Amino acid sequence: AAALSLLEREASGEAGVVQQVLEREGWRGLGEVDVSRLRDPVETRSVARGLVEAKEPRLAAEAFGRLDGEEARYGEAMCRLELGERDRAIELLGGLDEHPHALYNLALLTEDRRTRLELLVRAAKRGSKPALKNAANALASGDGCEPGPDADAKALRLYLVAAELGDPDAAFQCGTFYCAGRGLPAPDWDKGFTFHYVAAEAGLPKAVFNLGTHYFAGNGVDQDLAAAADCFERAADAGMPQAMINLANMLDKGLGRPPDPARAAALRAKAAALLPASTSLGDAPSS
């Protein structure tokens with residue numbers, strides 16, 4: 001966001017600066033600010049950020065517009081966007097070629113898919129966390145590019161960076177890419193298991209489910225049917241119908257748990273109520 005939080009502004013002294021300006025100019029609040037009377041850049045910047053937080057985007061845009069620098073231009077662009085002035089916002093963002101957040105927001109405003117992907121990749125390379133996964137998702141789905149091994153390899157590299165930054169969904173995607181061999185010479189089940197484990201530990205139900213399939217089939221880890229059943233139970237408790245079906249199949253056959261036909265039937269009924277009517281309830285755990 002263009003504005004600092006109130007706590008951050010107070011810590012940096014900006015709240016005090018704003019209050020001094022209000023008292024000196026005789027303004028009873030930020031809604032009465034006359035931007036044309038602001039002269040000092042430090043005061044103008046503090047007031048502009050305060051106006052953003054006070055939900056006064058028009059005044060904030062005028063204040064940012066009186067300042068030089070990338071952050072001021074970005075701040076005005078986001079205010080203009082909030083005011084519905086899309087073309088002006090795009091014009092302002094377009095002049096910020098090295099600003100990660102500007103590039104990311106410009107990508108979101110760009111209709112041409114190839115150009116949008118290029119902007120997302122540029123923003124990601126400059127440190128925009130949301131751009132990382134958005135660019136990876138676009139590459140993985142062929143949105144704005146030719147789908148195939150080259151796009152998959154680029155997507156995986158971006159997912160890996162996002163996973164290192166602590167994004168559990170990115171870790172999950174890394175796991176699925178390694179298991180499927182997407183963007184790689186061949187599948188790597190060991191790395192697939194590792195990334196699914198990381199995402200599962202972060203509480204991602206679909207990762208817990210995939211961890212169950214690893215344990216069930218012994219892919220990337222020693223086969224452990226009890227652990228597989230535990231994972232499917234956790235994912236089922238999170239509302240995943242396929243996990244309910246997998247656990248039911250294991251309970252029917254006494255795999256990893258003592259046989260329990262009654263509970264298996266209850267799980268299948270619950271899954272059937274959550275799945276489309278045309279869905280077939282399979283016999284074996286699957287991903």
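Visitor: Let's start with α4: what covers the buried residues of this helix?

Guide: Bear in mind that this is a predicted model. The cover over the buried residues of α4 includes α3, residues 41-53, and α5, residues 70-82. Helix α4 itself spans residues 57-65, and its buried residues are Pro57, Leu59, Ala60, Ala61, Ala63 and Phe64. As background, an α-helix has 3.6 residues a turn, so residues three or four places apart point the same way.

Step back to the loop between α3 and α4 and you'll find Lys55. Its relative accessible area is 69%, and because exposed means over 50%, Lys55 counts as exposed. Its backbone is worth a glance too: phi of Lys55 is near 60°, a positive value in a residue that isn't glycine.

Now for the cores. The largest nonpolar core has 63 residues, and Leu93, Leu139, Leu158, Tyr159 and Tyr215 are the ones with the most contacts inside it. There is also a second, separate core of 19 residues, with Trp27, Leu30, Ala48 and Cys79 among them. In soluble globular proteins, nonpolar side chains tend to be buried together. Back in the 63-residue core, take Leu139: setting aside neighbours within four places in sequence, Leu139 is in contact with Leu117, Cys145, Ala151, Lys154, Ala155 and Leu158.

Two helix pairs come next. Two packed helices are described by the angle between their axes and the distance between the axes. For α7 (residues 100-109) and α8 (residues 113-125), the axes come within 8 Å and cross at roughly 160°. The pair is therefore roughly antiparallel, and the crossing is left-handed. On the α7 side the meeting residues are Pro100, Leu103, Tyr104, Leu106 and Ala107, while α8 brings Arg116, Leu119, Leu120, Arg122 and Ala123. Sorted by class, that contact has 8 nonpolar residues, 2 charged and no polar ones.

The other pair is α12 (residues 189-201) with α13 (residues 205-217), packed at an angle of about 140° with axes 8 Å apart. Here too the crossing is left-handed. From α12 the contact takes in Trp189, Gly192, Phe193, His196, Tyr197, Ala199 and Ala200, and from α13 Ala207, Val208, Asn210, Leu211, His214 and Tyr215.

Leu247 lies in α15, residues 241-253, and at 0% relative accessibility Leu247 counts as buried. Not counting residues up to four places away in sequence, Leu247 touches Ala229, Phe232, Glu233, Arg257, Arg263 and Leu267.

Last stop is a charged residue, Asp152, which sits in α10, residues 149-164. At 11% relative accessibility, Asp152 counts as buried, because the cut-off for that is under 20%. Leaving out neighbours within four places in sequence, Asp152 is in contact with Ala140, Phe177, Arg182 and Gly183. As for Gly181, Asp152 is 29 residues from it in sequence and 9.5 Å from it in space, C-alpha to C-alpha.

Technical notes
Residues numbered from 1 in each chain as written. Predicted model: local features only at pLDDT ≥ 70, side-chain atom pairs only at ≥ 80, totals over all residues. Heavy atoms only, no water. Core = buried A, V, L, I, M, F, W, Y, C linked by side-chain atoms within 4.5 Å. Buried < 20%, exposed > 50% of the residue type's maximum accessible area, 1.4 Å probe, protein only. Contact = heavy atoms within 4.5 Å. Axes fitted to C-alpha atoms, helices over the stretch in contact; angles between N-to-C directions. Helix = DSSP H or I, 4+ residues; strand = E, 2+ residues; numbered from the N terminus. Parallel < 35°, antiparallel > 145°, perpendicular 65-115°, else oblique. Left-handed = near helix turned anticlockwise from the far one by under 90°.
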